[in-house]
Amino acid sequence: MYEKHEFKLQTEKIPLYTPPESANITLKKKQPLWLAVLVGIVMVGYGIWRIGFTLPSASQYGWLAFIGGIFLLVAELLSSYEALSHYLSLRDVYEPEMPDVPHELFPDVDVFISTHNEETDILFKTANACAAMDYPDPSKVHVFLCDDTNRPEVAALAKELGVGYFGLSNNKHAKAGNINNALSRTSSPLIATFDADMIPKSNFLMEVVPYFFLPIMEKKEDGSWVVKPKEAQKDCGKIGFIQTPQVFYNADLFQYNLYAEDKVPNEQDYFFREVNLGKNRNNAVLYAGSNTMISREALEGVGGIATGTITEDFETGLRIEALNYRCYAVKKPLAQGLAPITISSLIKQRVRWGRGCIYSLRRVHLLSNPAFSPKLKLSYYACRIYWESFSRRLVYILSPVLFLLLGIPLVVMDLRQLLFLWLPYYLFYSFLLTKVSSEIRDTRWSNTIDTIMFPYLLIPIWAEFFHINEKKFSVTAKSRSWNDSNEFYLAIPHICLFVVSAISLVFAVQQLIINRAFGLIIMIMWMLINSFSLLMAVFFMRGRVNEREFERFNCDLEMEVRQEAEQEEGFAARVVNISEGGFAFERKEPLPFPTDRGTVLHFVIKDRKYCASLRGKIIAVSKPKRGKVWTYRVQRVGEMSTAEKREFFQIVYDRLNPLPEKLAEDTSYFDDLFRVMEEGNKERAPQRRTMPRFRVRSKEKLADGTVVMVEDLNFKYVRLRLVKGEALPETFTLFEGTEYPMHCEKSEIREGLYRIRNSEALLENPAFLEKIKEWGKK
């Protein structure tokens, strides 16, 4: 069905699709343009004043002061430009409205899953989810595992799942060569690209494919969508690609290491769900390489995925937009993957992104290339400015230290100039930053993240500026496993900078008190902010042991618990969270049989169109005081058939992660710092109880006259305390004279704990089961 063909390089621009206002959905309140103009004027005036009147002269203060002053001035001006650029792009954030497309128009789609050396366990989840995506005609969806290491086990996995396989040996162009190979051997008009770990939701295609019909459809006044007449479809433009957010089902390192997984969104959310959407207006959306639907015509028109660069997706998107294909970012998460779990892999990933961005922009001659529109140039140049911000972070940290410890002034101004010129500008700049900030990211967290990363990006980024290129494409590690590796040595630069900043801070406070140098108040605030970010960076590098092999998702699913797989009907329960390795379920009443460690039970879980049968054992049972439900935690055991595994994995992964989408409102500098210090010193107590324990708290008189307090019991043991008598007997009968007499004998486990000898008979006794329900409500 698929024949190899050559790419047809497109040399002429097509008409640019301009959406009507009625086809756009505004995602946030539009900010006024006059504010940007005012800010621009203030920034220009500030820059002229700083250049003409505040730079320390080399003859009076020395060359080190003069050069340092230049660095600080450039850092300030670039920060101002970046803030203004962000404001302009985010002042009017919108996404296109998805048209209602007749099902018969949905075209064939090729789905490419790029893999290099990832484990087949990871590929199973992604390929399985791709094969389960909804579509009007499933026969039009063609899923391919694109393996550029030509591994037999990946070919076998593709056969097992019923998807296509493209093996490739001697690949010289990394991921780009892998996708181009698949592109040359397929023919569908639309292509979905996924990284090996990015698991799409079942509605991915239904939520993305309709956008490609925007140029040929129009929305009527009654809200319905219709296809334009053929004569109106001419020269109406085309869609190049639709980029959905890259989100993750595990907490990223910034969330996890700083104990903020319930306080702040994923670090990448700000870009994919704010910044990239702001680029819709200028048709400058970044193609991120995964979770994307792309037009074959557009992709072949630029010669396929760009080769010779380590950020092939970034450059490919730029080339497509230069040909006037309209490209959009949308906000709704439709696929999710694994964030890096080691600091070293995170650093390696960011180095590749930064170097690749700078190299690609230089290679396409961004500013001088007439093929790029002015808006496209300004938008993509802001990407380059971002990677320069890590150098600025070092300048901002060292500037007050040089002045206070070495007496090297990088700015020359008196107190009046500080109060009436610099301070108003700083407040104006800070106000602009609050407008750029969102529900996802604020200035405090941006400073913290940049401070964490900058020591390890400085040299690679500057090397790229001087044309010392990184040739090798490195794949970010995708494994998700138990991790206790210690990379605290990476905190050495932060510790050194924190120490000198703390010393400078003490010196500044001393000078303020002794000499009443009130101008130092601003310097003190500056260093306090720097010290906070550096201290958070040290805590980040300290790390945090990853105690889970699999990530857990909140849910509410129907389930049956069966003692034997052949049972026709089990005990109903609700699954409240689930992972690849197990789940937790709740019942208002405890299970009426023992669930001690090692007992294997059978479970049937249902969710929408999925139904999974699996085996597991109870590893913990709990009931909060005055709680209304019993919670059981289950560890999955045994092998599953391919069919069972496919259903179960879709139940687990065809849902959104439980991580926050907005910044918590109750956080501050102190909250963040105290939380990390407190949580970092906590020890988790393991839960060992595997059967429900019922609170009884009743006095019972034994046959020999001994009075005992029955504290609590489970299905096999009862815990007693002597109230009246000389000693607890070795054997006796509790609840004698009732319908549920309990025969007990002393246990060797601990004092006061007795084994129930007739536990099996009691579990078949309706009167005992009713009593259990009564005790379970206490």
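**Close-up 1. Arg-273 and its salt bridge with Glu-661 in the predicted model.** Arg-273 has a relative accessible area of 9% and is therefore buried. Its side chain meets that of Glu-661 in a salt bridge, with an N to O distance of 3.3 Å. Arg-273 belongs to helix H9 (residues 269-278), while Glu-661 sits in the loop between helix H19 (642-653) and helix H20 (669-680). The pair thus links distant parts of the chain, 388 residues apart. Glu-661 has a relative accessibility of 43%, so this residue counts as partly exposed.

**Close-up 2. The salt bridge between Arg-608 and Asp-654.** The closest N and O atoms of Arg-608 and Asp-654 are 3.5 Å apart. Arg-608 is in the loop between S18 and strand S19 (610-622), and Asp-654 is in the loop between H19 and H20. These distant parts of the chain are 46 residues apart. With a relative accessible area of 54%, Arg-608 is exposed, whereas Asp-654 counts as buried at 2% relative accessibility.

**Close-up 3. The salt bridge between Glu-82 and Arg-392.** Here the closest N and O atoms are 3.1 Å apart. Because Glu-82 lies in helix H3 and Arg-392 in helix H13 (residues 374-406), the pair ties together parts that are 310 residues apart in sequence. Glu-82 and Arg-392 are both buried.

**Close-up 4. A network of salt bridges.** The residues linked in this network are Asp-442, Arg-444, Asp-672 and Arg-675. For the model, the count of salt bridges comes to 38.

**Close-up 5. Contact of helix H1 with helix H3.** The axes of H1 (residues 33-53) and H3 (residues 63-90) come within 10 Å and cross at roughly 175 degrees. Angles over 145 degrees count as roughly antiparallel, and H1 and H3 are therefore roughly antiparallel to each other. On the H1 side, the residues in contact include Leu-33, Val-39, Met-43, Tyr-46 and Ile-51. Among those they meet in H3 are Leu-72, Leu-77, Leu-84 and Tyr-87. The residues of this contact divide into 13 nonpolar, three polar and two charged.

How values were computed:
Residues numbered from 1 in each chain as written. Predicted model: local features only at pLDDT ≥ 70, side-chain atom pairs only at ≥ 80, totals over all residues. Heavy atoms only, no water. Axes fitted to C-alpha atoms, helices over the stretch in contact; angles between N-to-C directions. Helix = DSSP H or I, 4+ residues; strand = E, 2+ residues; numbered from the N terminus. Parallel < 35°, antiparallel > 145°, perpendicular 65-115°, else oblique. Contact = heavy atoms within 4.5 Å. Nonpolar A, V, L, I, M, F, W, Y, C, P; charged D, E, K, R; others polar. Salt bridge = Lys/Arg side-chain N within 4 Å of Asp/Glu carboxyl O. Buried < 20%, exposed > 50% of the residue type's maximum accessible area, 1.4 Å probe, protein only.
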